[in-house]
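Q: Hi, I'm new to this one. Could you walk me through it?

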Amino acid sequence: MSLKSTPNKYGRVAVAIHWSSAVAVILTWIAGFVVAEVAPPVQQAPILIAHITLGLIVFALTLLRILWWAVADKHPRAAAGQSAWQVRTAQFVHLGLYVLLVLMASSGITTLILSGAVPTILSGGPVPDFSGLIPRIAHGIMSKILLALFVLHVGAALWHQLVKRDHLLARMGVGAA
């Protein structure tokens, strides 16, 4: 596998960014859910710090991915046998994921700036109630949309792999073509 993508397969850089992003998004979402819904107040600060750190990693990987596609690489063409609606849906879902990841990072950063909570959180103090801040409300709504797009993306990939058996995941480094 070459560093750059070919007309039929993603290159090593795109694959590494994709799978690193996937793991980071899952961990970020779990940490955000735990701090917002499950963790007792005493345990919220370290989990929120993990959520913020992971969110910044996701943000950096997303910007790197956008830069990689804009400057250094080209997407492979659509997989053979896909209808026009499938290609358009895949493009919409991918664009939606990129846009949401950038907006979520922006709303998270804005929430932290507006709340002035960074020193308190870093010192291990109590996590303030962010629920009234507009960027935090948007962050919560976008997290649900992101989860829906993520499930749609994974579901489509698994459908191709397990039902259609067209080895679509091989384009992203999973299994043989």
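Q: Okay. What kind of model is this?

A: This is a predicted model, where local features need pLDDT of at least 70, side-chain atom pairs count only at pLDDT 80 or more, and totals for chains, interfaces and linings use all residues. Residues are numbered from 1 along each chain as its sequence is written, and side-chain values use heavy atoms, with hydrogens and water left out.

Q: Back to Arg 165, where does it lie?

A: Arg 165 is in the segment after H5. Its phi is positive, about 55 degrees, although Arg 165 is not a glycine.

Q: Where is His 167, and how exposed?

A: His 167 lies in the segment after H5. Its relative accessible area is 38%, so His 167 is partly exposed.

Q: Let's zoom out. How many helices and strands are there?

A: The protein has five helices and zero strands. Here helices (H or I, at least four residues) and strands (E, at least two) are DSSP runs, numbered from the N terminus. Along the sequence the pattern reads α-α-α-α-α.

Q: What does the C-alpha trace span?

A: About 55 × 30 × 25 Å along the principal axes of the protein.

Q: And how much of the protein is buried?

A: Of the 177 residues, 36% are buried.

Q: Which residues form the largest nonpolar core?

A: There are 11: Ala 24, Val 25, Val 58, Val 93, Leu 97, Leu 100, Leu 101, Met 104, Met 142, Leu 146 and Leu 149. At least two core residues come from each of helix H1 (12-38), helix H3 (84-115) and helix H5 (134-164). H3 gives the largest share, five residues.

Q: What counts as a nonpolar core, by the way?

A: A set of buried Ala, Val, Leu, Ile, Met, Phe, Trp, Tyr and Cys residues joined through side-chain atoms within 4.5 Å.

Q: What does Leu 100 touch?

A: Not counting residues up to four places away in sequence, Leu 100 touches Met 142, Ile 145, Leu 146 and Leu 149. Contact means heavy atoms within 4.5 Å.

Q: How do H3 and H5 pack?

A: Their axes come within 9 Å and cross at roughly 150 degrees. H3 is therefore roughly antiparallel to H5. Axes are lines fitted to C-alpha atoms, for helices over the stretch in contact, and angles run from 0 to 180 degrees between N-to-C directions. Angles under 35 degrees count as roughly parallel, over 145 as roughly antiparallel, 65 to 115 as roughly perpendicular and the rest as oblique.

Q: What classes of residue make the contact of H3 with H5?

A: That contact has 15 nonpolar, 11 polar and one charged residues. Ala, Val, Leu, Ile, Met, Phe, Trp, Tyr, Cys and Pro count as nonpolar, Asp, Glu, Lys and Arg as charged, and the others, Gly among them, as polar.

Q: Now H1 and H2. What angle do they make?

A: H1 and helix H2 (residues 41-72) pack at about 155 degrees, with their axes 8 Å apart. So H1 is roughly antiparallel to H2. By class, their contact has 18 nonpolar, eight polar and one charged residues.

Q: And H1 with H5?

A: H1 and H5 pack at about 135 degrees, with axes 12 Å apart, so H1 and H5 are oblique to each other. The contact is made by His 18, Val 25, Ile 26, Trp 29 and Ala 36 of H1 and by Arg 136, Ser 143, Leu 146, Leu 147, Phe 150 and His 153 of H5.

Q: Is His 18 buried or exposed?

A: His 18 counts as buried, at 14% relative accessibility. Leaving aside neighbours within four places in sequence, His 18 is in contact with Arg 65, His 153 and Met 172.

Terms used. Buried means under 20% relative accessible area, exposed over 50%, partly exposed in between (1.4 Å probe, protein chains only).
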